[in-house]
Amino acid sequence: MKKNVYVYLLLLPGLIILLLFLAVPLFSTVFRTFQGDEGLTLTKYIAFFKDSYDRGVYIRTLKLALLTTLIAVILGFPTSYYISRVSRRVRGLYIIFAVFPLLTSPVVRSFSWMVILGKNGIINSTLLKLNLIEEPLRLLYNEFSIVIGLVYLFLPLMIMSLVGVMENIDEDLIEAAESLGATRREVFARVIFPLSIPGLIVGSVLVFTGSITAYTTPQLLGGSNTTVLATLIYQNAMSLFDWDSASVVATIMILTTVFVTFLINKLSSRLNA
Amino acid sequence: MKGKGKFLTLFALLVYFFLIIPLIIITGAAFGTDEFLKFPPRGFSLKWLANIFKVEMFVRTFKISLEIAVLGTVLALLVGIPAAYGLSRYDFVGKNFLQGFFLSPVLVPGIVFGFSLLNFLVIKYEMPVYTSLLVGHTVIIMPYIIRVISSSLENFDYSIEEAAISLGASKLKTFFVIVLPNIASGVIAAFILAFINSFNNVPVSIFLTGPGISTLPIQMMSYVEYYFDPTIAALSVVLMAMTIILMFIIEKTLGLSYFTK
Amino acid sequence: MALLSLKDISVAYGKNVVLKNLNLDVEKGELVSLLGPSGCGKTTTLRLIGGFVEAKNGRFVFNGKDYTKIPVHKRNFGFVFQNYALFPHLTVFDNVAFGLKQRNIPKNEIKKRVMEILETVGLKDYADRSPRELSGGQKQRVALARALVIQPDLLLLDEPLSNLDAKLRVKMRLEIRKIQQEYNITAIYVTHDQEECFSISDRVAVMNNGVIEQLDTPQKIYNLPRTEFVANFVGFENFIELELEAKKIDGGFYKLKNSQRFKVTHFNGREDERYVKGAIRPEEIDILNEGGEKETNTLKGIIGISTFLGKHYQYVVETEVGRLLVNGSAHKRYVKGERVTLYFPEDKIVLV
């Protein structure tokens with residue numbers, strides 16, 4: 001590779017756009033949260049965590065994200081392992097069907113669950129027809145429907161991350177373990193699982209941070225008492241016009257995603273050591 | 001093929017059933033005759049598909065979404081291609097940092113970014129909403145452009161470029177005649193990916209709406225809050241058809257295996 | 001009775017038949033090589049024995065028991081892979097200990113056995129390294145140690161040296177042979193390298209198109225190939241069609257296409273066949289000067305293209321029975337178009 005001063009000229013237009021329209025606006029959002037009457041202060045954060053409603057929203061967000069990540073791992077791991085071991089052509093097919101939802105509008109994807117879980121949705125109408133229930137179940141606008149929507153939203157990401165790592169696990173390693181006396185289960189526990197950890201880390205970070213910051217799904221599938229951080233920012237800003245509170249929630253969201261990403265990466269490097 | 005039992009096969013199929021069935025249900029619901037969303041639908045009609053075009057807001061926001069996505073992608077390509085070229089071709093002080101900086105928009109929560117743009121650009125500096133929406137989208141799709149173009153430049157043999165220069169072509173001309181044609185499929189793929197991400201975006205756009213300005217996904221969200229008829233399902237089918245076409249182009253240019261990297 | 005026998009084994013992937021009614025017997029303590037060009041079925045045979053490939057029909061009997069349906073992990077065979085297949089997430093020690101842990105052996109015993117075998121392969125000081133930090137030769141040793149430490153009933157090696165450079169290959173094959181004899185392990189070794197194969201094996205099975213063409217000692221394979229394919233494979237590049245005229249105690253007399261007569265000392269088991277081919281290496285044919293004609297075993301020819309091979313010149317010689325390859329001394333070069341007489345020593349012709 002060459003050394004060249006002109007390279008900065010190539011980067012300059014992009015840099016200006018990112019600085020002016022990403023870095024500065026974000027900084028101003030974060031900065032105002034620490035601004036008090038007498039210099040810098042943490043009072044707004046203290047107020048946020050003292051408020052039981054706000055605290056509840058924060059804990060709910062983390063809880064739903066954690067639940068979503070766990071379910072995505074449980075569903076994604078065996079599926080990805082299966083995909084990584086089928087023939088190249090079949091694998092291509094599975095990848096198409098995972099990428100397709102990924103590229104489809106999140107509004108469409110969340111909406112489809114409204115059709116399934118709604119009062120007149122498939123599940124309720126089927127159960128009613130079978131006389132298993134007398135009144136439609138409330139399946140929508142609660143934490144349950146948010147988690148389903150988030151799992152549905154992010155499961156393809158988990159599968160992609162895992163397949164990417166698992167398809168590079170050499171078939172020879174599996175055969176080597178078998179020839180040394182390992183049963184199928186032991187091969188999985190002692191060879192495949194440890195080698196899949198990097199994909200698991202990437203997938204978990206993507207799903208967890210994605211769930212913490214998701215707006216569309218909780219907005220459409222959640223109800224008035226299932227507010228999460230993203231919908232809280234929107235409410236504070238657009239309904240209450242409380243810019244300061246919205247900024248505080250926004251900053252907390254950024255700090256949480258950074259912290260969680262850092263934590264998972266730390267955990268993984270300890271696992272590998 | 002070893003290592004896949006019947007249980008595993010069944011498990012994978014069930015998970016894929018979960019991934020696909022909602023989209024099939026929505027498609028089915030779009031072609032029913034009922035006034036309310038139902039599945040399985042009764043009868044078959046195209047009236048909901050036709051109804052999309054009767055809802056004036058859908059037609060208008062579709063145009064805006066299209067405009068923003070195309071303009072934003074073109075803008076991002078204009079600044080992104082030189083940046084990607086500079087980042088993969090040369091070595092310089094602060095390269096790693098700048099690489100990270102160019103990819104950073106993907107790490108910023110969209111809802112936070114959208115709010116910040118509203119706060120800073122629209123309220124503080126009174127920038128028009130439409131312009132803010134455009135720059136917001138340009139920023140969020142920048143990482144897709146940089147990543148895809150960089151990965152196609154990785155496969156580009158720079159000795160071809162040197163050969164052209166040694167034959168007397170200027171650096172600028174070499175870029176347009178030699179480099180660009182060789183990464184053309186990468187540029188197309190970057191365009192498509194960026195386009196999809198801009199077109200589907202909700203969290204940034206939701207803050208940047210104003211009188212007469214909104215995007216299609218935002219309009220769809222507010223529609224389902226008040227109406228529950230199959231028009232949205234029909235619109236979803238149209239969007240999915242669009243996704244299929246775009247996916248086909250990605251497969252032909254970049255290959256869908258890109259998503260597992 | 002043989003320790004291992006494959007009986008009428010056939011393997012096919014779809015319509016593609018890889019092994020056809022293959023039979024093979026291996027005695028205890030032997031090292032048998034499977035030799036052949038790529039696609040001949042040698043690796044498939046090895047993988048079938050290892051349990052990674054299923055036979056369409058036929059039986060695999062090991063130590064008197066039917067192993068055809070025994071799963072891989074119950075066979076207790078050591079397998080050394082072409083690309084080593086070391087577990088990248090485990091240290092050298094844990095790689096070698098892997099098989100012992102499966103067998104629920106106490107920890108201190110595992111430690112003792114792993115260190116012993118690492119000492120044998122000369123890697124005692126590398127126990128805590130990661131496979132990434134090892135050279136190709138060291139990886140090979142770890143792979144070997146990992147397969148040996150479980151005290152396998154059979155050692156299977158799939159082109160274990162093909163990823164190493166030439167010098168290291170020679171060194172490693174001597175080591176493998178030494179260890180195999182020391183531990184008295186029965187081994188099956190797949191390779192496409194003739195020299196490697198001859199130097200290491202008790203017996204060699206030359207394979208072609210899914211069948212074993214010849215199973216013999218390296219000396220017999222090299223000197224007395226039984227089929228045209230084997231002869232060609234070990235360097236007999238000239239084949240002359242012969243017709244039997246008379247059998248004598250000290251050999252047979254054969255007529256060539258041009259009515260010339262050849263005497264051949266060994267029948268190579270083909271004394272009852274009327275039409276045979278005489279195979280001979282280029283370096284065994286003598287070029288005689290004008291006037292040096294003999295009664296039998298000669299052919300007249302015209303020198304064609306010649307190439308210098310270092311030790312000698314190689315000529316393409318046009319004769320009445322076809323084009324032949326002949327090596328001549330490096331001191332004298334025949335020119336194109338020169339008329340010569342070729343002499344075929346009667347004890348150097350092998351009938352196939």
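pLDDT is the predictor's confidence in each residue, from 0 to 100. This is a predicted model, in which local features need pLDDT of at least 70, side-chain atom pairs count only at pLDDT 80 or more, and totals for chains, interfaces and linings use all residues. Residues are numbered from 1 along each chain as written, chains are lettered from A and ligands numbered from 1 in written order, and side-chain values use heavy atoms, without hydrogens or water.

**View 1. Confidence in chain C.**
Chain C has a mean pLDDT of 92, and 99% of its residues reach 70 or more. Among its elements, S15(C) has the lowest mean, 88. Strand S3 (residues 31–35) of chain C has the highest, 97. Helices (H or I, at least four residues) and strands (E, at least two) are DSSP runs, numbered from the N terminus. The model scores ipTM 0.92 and pTM 0.84.

**View 2. The interface of chain B and chain A.**
Here 83 residues of chain B are in contact (heavy atoms within 4.5 Å) with 85 residues of chain A. The two chains bury about 7800 Å² between them, 80% of it on carbon and sulfur atoms. Buried area is the accessible area (1.4 Å probe) that two parts lose on being put together, summed over both. A salt bridge is a side-chain nitrogen of Lys or Arg within 4 Å of a carboxyl oxygen of Asp or Glu. Helix H1 (residues 6–30) of chain B gives the largest share of the side of chain B that touches chain A, 14 residues.

**View 3. Ser112(A) in its helix.**
Ser112(A) is found in helix H5 (residues 106–117) of chain A. Ser112(A) is buried, with a relative accessible area of 0%. Buried means under 20% relative accessible area, exposed over 50%, partly exposed in between (1.4 Å probe, protein chains only). A polar atom of the Ser112(A) side chain lies 2.7 Å from the backbone oxygen of Arg109(A). Leaving aside neighbours within four places in sequence, Ser112(A) is in contact with Tyr152(A), Pro22(B) and Ile26(B).

**View 4. A salt bridge between two helices of chain A.**
Arg85(A) forms a salt bridge with Glu171(A), the closest N and O atoms being 2.9 Å apart. Arg85(A) lies in helix H3 (residues 52–85) and Glu171(A) in helix H8 (residues 171–179) of chain A, so the pair ties together parts that are 86 residues apart in sequence. Arg85(A) is buried at 4% relative accessibility. Glu171(A) is partly exposed at 24%.

**View 5. A salt bridge at a loop of chain C.**
Asp272(C) forms a salt bridge with Lys247(C), with the closest N and O atoms 3.3 Å apart. Asp272(C) lies in the loop between strand S13 (261–264) and strand S14 (275–280) of chain C, and Lys247(C) in strand S11 (residues 238–248), so the pair ties together parts that are 25 residues apart in sequence. Asp272(C) is exposed, at 68% relative accessible area. Lys247(C) is partly exposed, at 47%.

**View 6. Two loop residues with positive phi.**
Most residues other than glycine have a negative phi. Phe241(A) has a positive phi, near 50°. Phe241(A) lies in the loop between helix H11 (229–239) and helix H12 (243–272) of chain A, and is exposed at 54% relative accessibility. Phi of Asn297(C) is positive, near 60°. Asn297(C) lies in the loop between strand S15 (286–288) and strand S16 (298–308) of chain C, and is buried at 1% relative accessible area.

Key: Polar contact = N/O pair within 3.5 Å; in protein donor to acceptor, adjacent residues only side chain to side chain.
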